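Let's take a walk through this one together. Have the viewer open, and we'll go from a single side-chain pair out to the overall fold.

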Amino acid sequence: MNSWINLDALWKIVLVGLLAGAGLPALFAVGVRALNPPPRGGGQPAGRRTAGPLNYTVAVACFAVVLAAIGWGVSVIVNQS
């Protein structure tokens, strides 16, 4: 460990930054995509496809994880100040 840089804390910050900065938006995008499934066969859709029960379940799970992470982050900030 360097006397100027705490490498243990630095790795934690980088890991949380990657998860919060890239993981949560990606998870949110998966949820949005689950609510708007692509047309089958890659052609132009004849009509608007609706999400099935599995897609709604995936979307709700993704949004719940994102909201939980946001709530946890806010609670950590509030408790530290």
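A salt bridge here is a side-chain nitrogen of Lys or Arg within 4 Å of a carboxyl oxygen of Asp or Glu. With that criterion, searching the whole structure turns up one salt bridge. Before we look at it, some housekeeping: this is a predicted model, where local features need pLDDT of at least 70, side-chain atom pairs count only at pLDDT 80 or more, and totals for chains, interfaces and linings use all residues. Residues are numbered from 1 along each chain as its sequence is written, and side-chain values use heavy atoms, with hydrogens and water left out.

The pair in question is K12 and D8, whose closest N and O atoms are 3.6 Å apart. Both sit in helix 1 (residues 7-35), four residues apart, or about one turn of the helix. Helices (H or I, at least four residues) and strands (E, at least two) are DSSP runs, numbered from the N terminus. K12 counts as exposed because its relative accessibility is 52%; the scale is buried under 20% relative accessible area, exposed over 50%, and partly exposed in between, with a 1.4 Å probe and protein chains only.

Now zoom out. The protein chain has two helices and zero strands, and buried residues make up 9% of its 81 residues. Helix 1 and helix 2 (residues 53-80) pack at about 155°, their axes 8 Å apart. Axes are lines fitted to C-alpha atoms, for helices over the stretch in contact, and angles run from 0 to 180 degrees between N-to-C directions.

Who makes the contact (heavy atoms within 4.5 Å)? From helix 1 the list includes L24, L27 and F28, and from helix 2 it includes Y56, C62 and F63. The residues of this contact divide into 15 nonpolar, two polar and no charged. Ala, Val, Leu, Ile, Met, Phe, Trp, Tyr, Cys and Pro count as nonpolar, Asp, Glu, Lys and Arg as charged, and the others, Gly among them, as polar.

Two more stops. G73 lies in helix 2, and its C-alpha is 9.5 Å from that of A20, 53 residues away along the chain. At 22% relative accessibility, G73 counts as partly exposed. P39 is in the loop between helix 1 and helix 2, and the C-alpha atoms of P39 and R49, 10 residues apart along the chain, are separated by 7.0 Å.

Conventions:
Contact = heavy atoms within 4.5 Å.
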